[in-house]
Structures are given as C-alpha cells and as structure tokens.
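Please read these notes with the model open beside you.

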Amino acid sequence: MAFSLYSFNVILFLLPFFTISLVLSNAFPVHHNYPFHHHHQPRSASHNYRDALTKSILFFEGQRSGRLPPNQRITWRKSSGLSDGSAMHVDLVGGYYDAGDNVKFGFPMAFTTTMLSWSVIEFGGLMKSELSNAKEAIRWATDYLLKATAHPDTIYVQVGDANKDHACWERPEDMDTPRNVFKVDKNSPGSDVAAETAAALASASLVFRRSDPTYSNLLLTRAIRVFEFADKYRGAYSNGLKKVVCPFYCSFSGYQDELLWGAAWLHKATRNPAFLNYIQVNGQLFGAADFDNFFGWDNKHVGARILLSKAFLVQNVQSLHDYKGHADNFICSIIPGAPFSSSKYTPGGLLFKMGDSNMQYVTSTSFLLLTYAKYLTTSHKFVDCGGITVTPKRLRILAKRQVDYLLGDNPLRMSYMVGYGPRYPQRVHHRGSSIPSIASHPAKIQCSSGFSFMKSQSPNPNILVGAVIGGPDQNDRFPDQRPDYEQSEPATYINAPLVGALTYLAHSFGQL
C-alpha cells in the first residue's frame, strides 16, 4: 500500500495541535509516571555509571565534522570538512564521522540519531546535567540531516569516497581525499536510508518539542516529507549505490523494516491515525512477525516491535496488540536458558552476535531490555517464554550484566569504553585519535605517511574519551591491535543506545 496522508497542508495545519496534545501526554520526557519506586536496585554499585554516561555522550564531540564550536570539549579535534557538499553545490558541512574513518555515511548517522533521541525520550528526565549534552549531540546530527534533506525527493546520503578514504590514514583536519557527494532520488531510490532519516527527524522532534517547539515542528514537517518520499519511491539504496556504500553499509535486510520503523516513529510523533492505519495495513508485509533478533543500523524490525508494543501496553492502542507478542518473541530469544532462546553468550557472559563490531548489538539489546522492562512495569505485564515467566526485573538484570561486562566485569578486567576505568583499549582503530594532534604536530601528515602511526604499537596519543569499541571475540579475547577494526574500532551507533542504558543504571543506583 502506498503511503498517503489527508494532505500535506492538513499536516502543517495540525502540527501546533499535535504539539499541545503531546506536551500534555508523555511525549518527552516520560519520567512523570515512571514507577521507579517498584524496582530500585541495591545502592551499592560496582561501577560509576554516571561517569560512564558523561563519557559516552562526550565521545560524540570527537566524531564531529564541520566547524567546531568554542565550547568543544574534546580539544585535540579541530574543524574539518568545511567544503563538504560543494561537489554538488549544496551545503553538507557538519554531521558525524561514523567510526574511525573520515566518511560521513548517512544511513548509520540517521540510526545513531534515532537511538540518541529514543534514549532521551525514555530516560531524559533522569539525565539531569547530561540532558543538555545529549540534546546537543542530537542537534549536531539533525542540523546536518536537515541539510541533507533540504531538496524534495532527494537525500544526500554520503560525503566521501570510502575506498579512497580507507586508502589513507590521515587526520580529518588534513584529509585531501575526494569529498564526493552521493544521493538517492526518484530515479535511484533509497527507502531504507530515507525512512531511517524520517525516523531520526521524527524522534528528535519529540526531544525538542518543549525546549524548542519551532525547531521541533521543522523536524517533524521534514520527517513527514522524507517518509512520503521513502514510501512512494521504493527500493534499497545499496542497489543504485552499491559501489559506494558496499560493503560498508549495504542494506542487507532490505527497506521494509525501515518503512515500519519510520512509520512507528511518525505515529508516535504525530498521533495521526493515517500512520496507525499504514502500520496496520503494511506491518505483516514489512516483516513485523518475522523472526530475527538483531537490532542495529541495518535491521530495525526488533526496535519497531518494542516501540509499537508501547502503544498497546502503555497507551492501550488495541489494534497494536500483536506487537506485544512480537516483542515477547524477541525477549525469549535473548534470555539465557529460556525455551526459545537462540542467542549465544561468551564464557564470560557477553551477548555475542558476530565478530565484527559485536558491541553494537550488546548496547542496542541492553537498551531494548531496559525500555521494554519499563513498558511492562507500567502496564503490570510480564513475558511468557514457553511457560516460564520472565519479569521486568529479569530483563533489567540481564541488561545490567551486559553493561557491567562492557565496563570491566569480564575475564580480562578490561573496560571497552575508552577513558573509563583503570584499564581500557590503548590502540583504538581511529585516525584522529592515533595520529598526533594538530596542536602537537601542526604540519600536515600526508595520506600514506599516517600508516606508520596506524601500524605502531604505541598507545593512541589522543584519548577518544567515551568511545566504545567493537569488543572481544566469542572467547572473551581482545588483542588491542589498531589494524583490527572488527574489535578495535568505535562507532557512533555503538554509543547511542548505551546513553539510555547508562542513564537508567546511574539513576537506579542513586548516582543521578
């Protein structure tokens, strides 16, 4: 079914009314009715979750592209990519480098934005002094996404040639590789990246609804337009841009999951019944009931199920009843020892999905466990896994174990967050962190010259505080070698869901 709304003008007319109704409801933040008193954890904690939270948000400043502001806290980074977009005569300055290279990939950047926003929507009321920093991290992304979607039926989805960028090891401030611009449009569609961008803009509109309603309305208006484009011109962006985005961020799962995910966020942000109808008509076609338990930048099915389950559990939208069952199936696949559990854990207890950047699934799953536990607690429900009752408390315990492992409760006693704890990775796969800073080495370091730093056994000279890296292998081993990007590279989408999980844990242990 192709997407249609009453009309775009009606949406624009109704936005102020949506604003009023959502402010009066639980759009952001939802801390007023969160029954924390039912499940306070013991007051002794083995980790300083508040410190980890601060650092997990600070990391995003180390990933910034564009002109850095005077209050930039990671000071070894300087402005970069100041002519981005000029190849197509558009302004694409800003945004984030996704990981350890100097390319701006729109697909994972949009997912990062959605997950940062979801972290704030669910737990922002508990963040206290870190809320403003989290919102700044979101706005740095949404300002860029607004630029990338400025032209109707077009999204600029990448800046930089990844293959040529990866052939160099240089600071972003020095980069002289081609800053080619790549886009999706009517002739070369990208429903996946477009619908994820719509999800990012819609979720962020909730974050700013109270503090900056004008900006919030701009984000939501753009989200609706971008989603219409995603739905009308269907196709996976890695079909038309295969040589550009693959193998880096191919859309392996297709675009149906993003259409469901994007519609779920627009339903939440607008409360427009047209989006609910779209979900009801298309949900099964888009794989709502499919069995998959990966949640990350590529596959959004699980996230959509959890998000839509809230509409049933908390807001009593009866037509979304099935999403409670879909969400429960995911939970049962994750719980160790449950009858339908299909997840693997390392001997040390870490959820293990794959060897390449496994920690992204640890942080995203931990966030979903805590968020679903919140919904279940509010609605006085539980999960039935083949006759075994799984309580919200059990979900929280599992999520805490995963986060604690990440922070150092593991066989190596290694924190996988840079700058947290007494022992953390020293040779992170990250160009800016591993090469002497502009302040210490003002002269340009050429493309190939940087590889001497990449291959060095010396610790990174610039500490990328808060970066969470790919993590250990299936046997809890971690070699801490810079060329090993699968285990040693950080990424924005690893950190984004962790922000919400750390906020919950810091509050639960009285640290916030």
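1. Angles under 35 degrees count as roughly parallel, over 145 as roughly antiparallel, 65 to 115 as roughly perpendicular and the rest as oblique. Axes are lines fitted to C-alpha atoms, for helices over the stretch in contact, and angles run from 0 to 180 degrees between N-to-C directions. Helices (H or I, at least four residues) and strands (E, at least two) are DSSP runs, numbered from the N terminus.

2. The model is predicted: local features need pLDDT of at least 70, side-chain atom pairs count only at pLDDT 80 or more, and totals for chains, interfaces and linings use all residues. Residues are numbered from 1 along each chain as its sequence is written, and side-chain values use heavy atoms, with hydrogens and water left out.

3. How do H6 and H7 lie relative to each other? The axes of H6 and helix H7 (residues 213–232) come within 8 Å and cross at roughly 160°, so H6 and H7 are roughly antiparallel to each other. Their crossing is left-handed, that is, the near helix is turned anticlockwise from the far one by less than a right angle (right-handed if clockwise). In contact (heavy atoms within 4.5 Å) are residues including Ala198 and Leu201 of H6 and Leu220 and Phe227 of H7. This contact of H6 with H7 has 13 nonpolar, four polar and one charged residues. Here Ala, Val, Leu, Ile, Met, Phe, Trp, Tyr, Cys and Pro count as nonpolar, Asp, Glu, Lys and Arg as charged, and the others, Gly among them, as polar.

4. Helix H3 (residues 106–123) also packs on H6: the two axes come within 8 Å and cross at roughly 30°. That angle makes H3 roughly parallel to H6. The crossing of H3 and H6 is left-handed. Among the residues making the contact are Phe107 and Phe111 of H3 and Val193 and Leu206 of H6. By class, the contact of H3 with H6 has 11 nonpolar, six polar and two charged residues.

5. For helix H4 (residues 130–148) and helix H6 (residues 191–207), the axes come within 10 Å and cross at roughly 135°. H4 is therefore oblique to H6. Their crossing is left-handed. From H4, Lys135, Ile138, Thr142, Leu145 and Leu146 meet Thr197, Ala200, Leu201, Ala204 and Val207 in H6. Seven nonpolar, two polar and one charged residues make up this contact of H4 with H6.

6. The largest pocket holds about 700 Å³ of space. A pocket is, on a 1 Å grid over the protein atoms alone, an open set of points where a 1.4 Å probe fits, with protein on both sides within 12 Å along at least five of seven lines; lining residues have an atom within 4 Å of a point. Of the 26 lining residues, Pro247, Phe248, Asp356, Tyr485 and Glu489 lie nearest the centre of the largest pocket. The lining has 15 nonpolar, four polar and seven charged residues.

7. Pro247 has another feature to check: the peptide bond from Cys246 to Pro247 is cis, with omega near 5°. Pro247 sits in the loop between helix H9 (242–245) and helix H10 (256–270).

8. His89 is not a glycine, yet has a positive phi of about 60°. His89 lies in the loop between helix H2 (49–62) and strand S1 (104–105).

Terms used: Points joined across faces, edges and corners; volume = space filled by probe spheres on them.
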